[in-house]
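Biologist: Can you bring up the model and walk me through it? I'd like to go piece by piece.

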Amino acid sequence: MNPTLLVDIVVGGLITGGIYALVALGLNLQYGLMRVLNVAHGEFLMVGAYLTYSLHTAWGVNPLLTLLVTGPASFGAGLVLHRLLYARVLAAGEAPEALESRSLLLSFGLLFVLQNAALLIWSADLKGYSYLSIPFRFLGSVFPANRLVAAGVALAVSVAFYVFLKRSFTGKAIRALMQDPEGAQLAGINLSRVHGLCFGIGIAMSAVTGSLISMLFELTPFIGLPYTVTALVVVILGGLGNVVGSLLGGLILGLVETASVYLTASDIRLIASYGVLSLILILKPSGLFGR
Amino acid sequence: MTMKRREFLTTSAGGAAALTVLRGKAWGQAKPVKVGYTLSGTGPYSVGAGITQGPNYTLWQEQVNAKGGLLVKGEGRRPIEFISIDDRSEHETAVRFYEKLMTDDKVDLILPPWGTAMNFAVAPVANKYGYPMLGPTAVSNKLKELSLPYFYALLAQPDPIMEAFVGLLKDLKAQGKISKIGLAYVNDLFGIELYNSATPHLKQAGLDVVDTKSYPLGAKDLSPILKGFKAAGADVFLGLTYPPDNILATTQAKEVDWNPAVFLTAVGTAFPFYRDRFKGADGVMGIAGWNPKVKIAGAREYFDAHVKKHQKEPDRWASAFAYASLQILERCVGEVGLDRKKIKEMLDSTEFQTVGGPIKFVKGMNVSTPGMVGQWQKGEFEILWPKSRATGTPVVPKPAWA
């Protein structure tokens with residue numbers, strides 16, 4: 001294999017994978033910890049993307065700076081949504097299966113509300129802008145500068161979150177709840193508060209990913225769902241509730257997709273990614289890093 | 001576009017104003033002509049529907065109602081009443097609603113939904129109940145093969161479009177301006193048909209295709225393909241694209257530092273949105289059909305009316321044909337009334353003068369409009385090919401990306 005091709009595949013894979021990792025991390029935080037399968041996850045990505053688009057095109061705000069708006073705003077929205085909707089469902093104290101299906105219904109509702117709200121505000125016309133849309137030469141190959149930046153920021157946020165989980169007190173509380181919800185509560189951890197926090201962080205991650213991808217792709221109110229599906233694949237691939245799993249799972253999926261595109265044809269991308277998922281599930285049904 | 005989920009338009013906004021003024025006069029007695037349709041207000045088709053069809057439907061309704069209504073032979077003018085819903089880009093929803101329009105609402109006329117696949121889904125229903133359906137956004141070689149006597153296609157189909165593409169490329173090659181083609185197509189019925197139509201023409205013209213690649217609908221990264229073409233020394237990018245991947249290819253060509261002499265893409269290039277998105281998009285070529293500079297009676301007036309009503313320009317391919325389909329219906333109803341069999345007979349035998357030029361149907365296909373290629377030049381999508389329709393001359397090699 002010639003070295004340029006290798007660089008193309010590895011760097012290209014990390015670019016795609018970095019984005020996947022961040023969006024999957026957010027979903028995993030909700031699904032892994034709370035068993036809330038938030039199918040509206042990608043819709044928050046869409047809203048984040050539109051917010052960045054509007055801030056950039058209307059006021060000329062640098063798209064990267066908009067993360068400072070979309071992140072906190074969506075975190076706040078997550079907290080409110082959790083308090084208003086999910087906390088009630090989760091507090092009902094029913095069997096986990098009932099919780100899953102109820103929260104699924106809720107998030108389907110959210111999906112439609114968010115899509116239609118975006119349709120009213122931004123219309124169905126394609127929206128986009130150019131930012132850092134310039135070539136960046138690297139090890140004999142050339143990459144879009146904006147993709148490198150987007151992936152770099154996505155990976156940085158993911159790693160920062162990992163450090164937060166490992167080092168901070170709150171992070172430990174989150175991990176404790178993931179490992180043993182009942183034991184953690186006995187140790188005095190407030191389940192509802194941590195849930196709210198995780199829901200907010202999860203949504204913030206989705207919205208931040210959206211802000212980043214608005215630099216790369218055209219927007220419509222319907223771009224969210226494919227990301228929810230990809231995130232779900234990554235979460236299953238890496239293992240439910242496993243942060244490192246989501247990170248590595250995202251990167252692996254990105255690499256597999258990019259390699260399949262370069263070495264065969266673009267049409268193989270989906271077959272390759274689902275093939276790897278099936279293979280891992282056959283060999284290790286709990287996912288790569290699942291217990 | 002902002003179309004409500006379920007809107008029963010008794011009258012258009014402008015029509016409503018006229019109605020209040022005229023109530024009690026002729027309009028008080030005139031029964032409205034019911035016209036039914038679905039358009040995608042949500043889902044993936046909503047982008048195209050909101051650019052090419054929706055604005056023309058409402059423009060036409062407003063204009064006709066402002067004149068006092070649609071002239072129906074033997075009955076005088078009757079206001080147009082639209083009955084429409086958002087089909088959510090779902091074929092089943094569209095089919096069900098058209099069936100309801102024809103059997104339950106008993107509408108007088110129907111207008112088509114947006115897009116080839118939707119037209120495929122709905123045309124058999126229109127055929128079953130004998131409703132003429134004039135589709136301005138249906139492009140498929142298969143339309144000819146199906147037996148759908150009540151369906152009429154206004155646009156040039158894949159074969160003539162590719163004939164025009166290759167005609168221009170052959171001419172450029174003869175002038176020594178291009179030599180090698182990199183061909184990419186979206187792996188979907190539309191892309192595959194264009195590809196299958198292009199291949200024999202390319203071969204016949206002796207053009208050198210150095211690489212051919214397909215990619216799935218919704219592709220998120222086309223840079224591998226573009227880098228491959230660049231490495232193979234292609235000086236023509238021939239992209240048989242849909243709008244999202246068209247925009248992605250354009251963005252990424254610049255990002256991988258590739259500026260081929262000819263950058264020729266398919267659907268989406270003719271949208272004013274494309275020009276605005278890429279700061280003029282100077283030099284990019286694509287499927288064309290119309291621009292406000294064409295020497296056709298009414299073309300400029302249509303352009304101005306569209307901009308005035310919707311604050312956006314019609315696209316440079318199918319918009320004018322969407323409006324033309326309404327002009328054709330209007331003329332038929334004026335001459336033969338609302339008897340749909342008679343309308344069909346007239347459609348089959350008449351040459352119509354429209355803002356898109358003369359249109360004549362043979363077995364449901366418009367044979368008067370050839371496939372055309374256009375190029376963005378200083379804010380206008382100039383028609384380059386065929387020469388008989390040209391409003392400008394090709395700029396090759398294209399200028400550097402803005």
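This is a predicted model: local features need pLDDT of at least 70, side-chain atom pairs count only at pLDDT 80 or more; totals for chains, interfaces and linings use all residues.

Biologist: How many residues of chain A are in contact with chain B?

Modeller: 25 residues of chain A are in contact with 32 residues of chain B. Contact means that the C-beta atoms of two residues, placed from the backbone, lie within 7 Å.

Biologist: Which elements of chain A supply that side?

Modeller: Helix H4 (96-122), strand E2 (141-144), helix H10 (243-263) and helix H11 (268-283) of chain A each give at least two residues. Helices (H or I, at least four residues) and strands (E, at least two) are DSSP runs, numbered from the N terminus.

Biologist: And by class? What does the side of chain A that touches chain B have?

Modeller: There are 15 nonpolar, six polar and four charged residues on that side. Ala, Val, Leu, Ile, Met, Phe, Trp, Tyr, Cys and Pro count as nonpolar; Asp, Glu, Lys and Arg as charged; the others, Gly among them, as polar.

Biologist: Switching to chain B. What does the domain assignment give?

Modeller: Domain 1 is 6-157 + 294-366, and domain 2 is 158-291 + 372-389. Such bounds come from an automatic or database domain assignment. The C-alpha centres of domain 1 and domain 2 of chain B lie 30 Å apart. Each domain puts 19 residues into the contact.

Biologist: Which helices are on the domain 1 side?

Modeller: H3 and H13 of chain B are among the elements there, each with at least two residues. The side of domain 1 of chain B that touches domain 2 has ten nonpolar, five polar and four charged residues.

Biologist: How do the axes of H3 and H13 of chain B cross?

Modeller: At roughly 40°, and the axes of H3 (residues 46-66) and H13 (residues 319-336) come within 8 Å. Axes are lines fitted to C-alpha atoms, for helices over the stretch in contact, and angles run from 0 to 180 degrees between N-to-C directions.

Biologist: Which residues of H3(B) and H13(B) make the contact?

Modeller: H3(B) brings Thr52(B), Gln53(B), Asn56(B), Trp60(B) and Val64(B). From H13(B) come Ser319(B), Ala322(B), Tyr323(B), Leu326(B) and Glu330(B). By class that is five nonpolar, four polar and one charged.

Biologist: What about phi of Ser89(B)?

Modeller: Near 60°, a positive value in a residue other than glycine. Ser89(B) is in the loop between strand E5 (80-86) and helix H4 (91-103) of chain B.

Biologist: Is Ser89(B) buried or exposed, and why?

Modeller: Ser89(B) is buried, because 25 other C-beta atoms lie within 10 Å. The cut-offs are 20 or more for buried, 12 or fewer for exposed and partly exposed in between, counting other C-beta atoms within 10 Å, placed from the backbone.

Biologist: And Lys378(B)?

Modeller: Phi of Lys378(B) is near 50°, also positive. Lys378(B) counts as exposed, because it has 9 C-beta neighbours inside 10 Å.

Methods: Residues are numbered from 1 along each chain as its sequence is written. Chains are lettered from A and ligands numbered from 1 in the order in which they are written.
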